[in-house]
Amino acid sequence: MTDTILKVEHLSMKFGGLMAINDFSFEAKRGNITALIGPNGAGKTTVFNCITGFYKPTMGMITLNQKNGHSFLLERLPDFEIPKKAKVARTFQNIRLFSGLTVLENLLVAQHNALMRASGYTILGLLGLPSYKRKEKEAIELARFWLDRANLMDRADDPAGDLPYGAQRRLEIARAMCTGPELLCLDEPAAGLNPRESAVLNELLQGIRAETGTSVLLIEHDMSVVMEISDHVVVLEYGQKISDGTPDHVKNDPKVIAAYLGVEDEEVDEIEDQLDEGTI
Ligand SMILES: Nc1ncnc2c1ncn2[C@@H]1O[C@H](COP(=O)(O)OP(=O)(O)OP(=O)(O)O)[C@@H](O)[C@H]1O
């Protein structure tokens, strides 16, 4: 079993005349939290959309290596098979819950496919098969586990749409975890959260890594989240990788500082000197 869960090689994505991603490569290690960061318009969401099957890349290879030794070339899989076969789950920038269903129902619906498989897709199966009864019990147990981890137990019977924003974000993540992913992709999970909600989110993500070993790939603008929880950070600017390493390495990389401050190339040397002198 390789310890690389995701390998992106020479990825390019063109929209008409715009090269949104240009020869981008990186690896995510199994069990790590890997963050993809970069200024607005750098291409983060486009990379995410290529990994999760919403876009087919113009060029490049995206390999997902599962724990059991199976590998999938994601750019070749039909998009609906990426969650099912490759076990890649994702959340979106804008929350997409079933707002009229309760919190618990949202977590059970996420397990619908596994339950239907256990029923043999027949009414008899639904009513009497022991394998279905067993799977149904497991589904409830799994939902309870994630309700607890996401700090949502006391809201289990409330409609999802009634939850505060931060709790809805955690419910989305809990729902994705109920599908048993090997790679969980989170698109700006901390967007719009207050500092207290951000801290609860950090706990949930660190718990996912520690308790389940699930690999996480996230796009995030909130640097307090990125720097606190990531094992590995990859920085994009204008569709190309400008830095790749530990949070500390990336935070002190003059190219990254320059990209975020929006300075010209010549000024990068100046920033490097200032960093060496400790004046910034
Ligand atoms: N479907 C599309 N059609 C045309 N251009 C697109 C499309 N999707 C993204 N782009 C362009 O590709 C570039 C990268 O956009 P992308 O949304 O991936 O950046 P981002 O880093 O996620 O930005 P943000 O942080 O603002 O969400 C931008 O110039 C954007 O306008």
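This is a stop-by-stop tour of a predicted model, with something to select at each stop.

**Before you click**

Residue numbers start from 1 along each chain, following the sequence as written. Since the model is predicted, local features need pLDDT of at least 70 and side-chain atom pairs count only at pLDDT 80 or more, while totals for chains, interfaces and linings use all residues.

**Stop 1: the whole chain**

Show everything as a cartoon. The protein has twelve helices and ten strands; these are DSSP runs, with helices being H or I of at least four residues and strands being E of at least two, numbered from the N terminus. Of its 280 residues, 38% count as buried. Here "buried" asks for 20 or more other C-beta atoms within 10 Å of the residue's own, "exposed" for 12 or fewer, and "partly exposed" falls in between, with C-beta atoms placed from the backbone. Among contacts between residues at least 6 apart in sequence, 64% join residues at least 24 apart. A contact means that two C-beta atoms, placed from the backbone, lie within 7 Å.

**Stop 2: two domains**

Colour 1–87 + 180–247 as domain 1 and 98–179 as domain 2. These bounds come from an automatic or database domain assignment. The C-alpha centres of the two domains lie 25 Å apart. Where they touch, domain 1 puts in 14 residues and domain 2 puts in eleven. On the domain 1 side, strand E7 (183–187) and helix H8 (195–212) are the elements that give two or more residues, and H8 gives the most, with six. That side divides into ten nonpolar residues, three polar and one charged. For this sorting, Ala, Val, Leu, Ile, Met, Phe, Trp, Tyr, Cys and Pro are nonpolar, Asp, Glu, Lys and Arg are charged, and the others, Gly among them, are polar.

**Stop 3: around the ligand**

Which residues surround the ligand? Select Phe15, Leu18, Ala20, Gly38, Asn40, Gly41, Ala42, Gly43, Lys44, Thr45 and Thr46. Each has its C-beta atom, placed from the backbone, within 6 Å of the ligand. Strand E2 (18–29) and helix H1 (44–51) each supply at least two residues of this shell, and H1 has the largest share, three residues. By type, the shell is four nonpolar, six polar and one charged.

**Stop 4: helix H1**

Now pick H1 by itself. Seven of its eight residues are buried, so the helix is largely enclosed by the rest of the structure. The buried ones are Lys44, Thr46, Val47, Phe48, Asn49, Cys50 and Ile51. After H1 comes Gly53, where phi is positive, near 90°.

**Stop 5: the six-strand sheet**

Hide the side chains and look for an open sheet in the order E6-E7-E8-E3-E9-E10, with mixed pairing. Two strands pair if DSSP finds at least two bridges between them. The edges are strand E6 (88–90) and strand E10 (240–245), each pairing on one side only. Direction ignored, neighbouring strands are turned by 20° against each other on average.

Zoom in on strand E3 (residues 33–37) and strand E9 (residues 232–237), which pair in the parallel sense over four bridges. Ile37 stands opposite Val235 in E9. Bring back H8 here: the helix packs on the sheet, touching E3, E7 and strand E8 (215–219), and its direction makes about 150° with that of E8. Axes are lines fitted to C-alpha atoms, for helices over the stretch in contact, and angles run from 0 to 180 degrees between N-to-C directions.

Next, follow E9 into E10. They run antiparallel, joined by five bridges, and Val234 has Asp244 in E10 as its bridge partner. The two strands form a hairpin with two residues between them, and Tyr238 in the turn has a positive phi of about 45°.

**Stop 6: the four-strand sheet**

The other sheet to select is open too, ordered E2-E1-E4-E5 with antiparallel pairing. E2 and strand E5 (71–73) are its edges. Neighbouring strands in this sheet are turned by 15° against each other on average, direction ignored. Strand E1 (residues 4–15) and strand E4 (residues 59–65) share five bridges, and Lys7 stands opposite Thr63 in E4.

**Last stop: Lys255**

Finish in helix H11 (residues 254–261), where you will find Lys255. Is Lys255 buried or partly exposed? With 16 C-beta neighbours inside 10 Å, Lys255 counts as partly exposed.
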